[in-house]
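Welcome, and please load the model in your viewer.

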Amino acid sequence: MDKPFLDKLRKIDPYVPGEQPKTDNIIKLNANENPYPPAPSVTEVLRTFDAAKLAIYPDANAKALKTAIAERFDLQPSQVFLGNGSDDVLALAFQSFFCSDKPILYPDITYSFYPVWCDLFRIPYETMPLDEDFCVNVRDYDKPNGGIVLPNPNAPTGRGVTLEFLEDLLQHNQDCVVIIDEAYVDFGAQSAVPLLGKYENLLIVQTTSKSRSLAGMRIGYALGSETLISTLEAVKNSYNSYTMDAIALAVGEASIRDEDYFQQTCRKVSTTRDRSAEALRALGFTVLPSLTNFLFVTHPEKKAPDIFAALREKGIFIRYFKLPRIDNYLRITVGTDEQMDKLIAALKEIL
């Protein structure tokens, strides 16, 4: 039967997130979630939250949470933007800042949501190849462009760049918006925050999903000049002025203000990451240097999809990307010490 309306529908290949298991007896190391619970203050907020407050709209300006984030980074609340996870923030940033006919630039191996947004919003783009060691060459971005997106550290490779690298990038791209996606920055990389006062075209995007154990709450934010933030707010308010609920706002503020617990959790994850990297190398894996809460690995003898499938049979979920250049690599989220020990034991059986 002829259905002409089908020709008018948007056709796009969506982003595919990590698999969520249907049973509880799974070691889940495939979505870069934090293996530890949120801060105790978050639990207290949830325990004492007044459900009657859900009858009214949340604070559209999110003053308390923006103030907490601004104070942590020594900024003004007017330099903070909030969204439902960093994906929401990034999608709004793509719509807000990438509006020219020139292509935006980002690495060829990186977060796979970037090309989805480009296709969805019809933004021209060009990918810059990482070198053979999966490192970014800053000189690749010395060309006319409509904007730049660079994750630091990068995903899924785990590699980070220095503050000097970021300033070099910004110095050579002052006529466009440069977005630094810092979803994993808290696990050892250098943040671009010190450069905010110097570059009005810099936007930094962070999330509470990884280092603050709030993936289930969906709280992301951007830091930038008042010019960029006000533009983001205008775009957001053009279709939905209430992007975060009252519980998320309260939980987010509690988490941001609990600095000691945050630092403690990041140290635990980083320590386990480094210990696990050595254990994987002892099994013959090549492990890329990581400044994230995951490891990117390959084995010279065993094919990545075979290892992925064998671990899955044992109830251990990791991530495999069937993509050019990385189709023999695996991404392994850092779990607890106990979870990582079970992973190593399972790999010894497989290999």
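**The whole chain**

Start with a cartoon view: the chain has ten helices and 13 strands (DSSP runs, H or I of at least four residues for helices and E of at least two for strands, numbered from the N terminus). This is a predicted model, in which local features need pLDDT of at least 70 and side-chain atom pairs count only at pLDDT 80 or more, while totals for chains, interfaces and linings use all residues. Residues are numbered from 1 along each chain as its sequence is written, and side-chain values use heavy atoms, without hydrogens and water.

Now switch to the C-alpha trace, which spans about 60 × 55 × 50 Å along its principal axes.

Next, colour by burial: 52% of the 351 residues are buried (under 20% relative accessible area, with a 1.4 Å probe and protein chains only).

**Zooming in on threonine 336**

Select threonine 336, in the loop between strand S13 (330-333) and helix H10 (337-350). Is threonine 336 buried or exposed? Threonine 336 counts as buried because its relative accessibility is 18%.

Finally, show what surrounds this residue. Leaving aside neighbours within four places in sequence, threonine 336 is in contact with Pro35, Tyr36 and Thr272 (contact means heavy atoms within 4.5 Å).

Technical notes: Buried means under 20% relative accessible area, exposed over 50%, partly exposed in between (1.4 Å probe, protein chains only).
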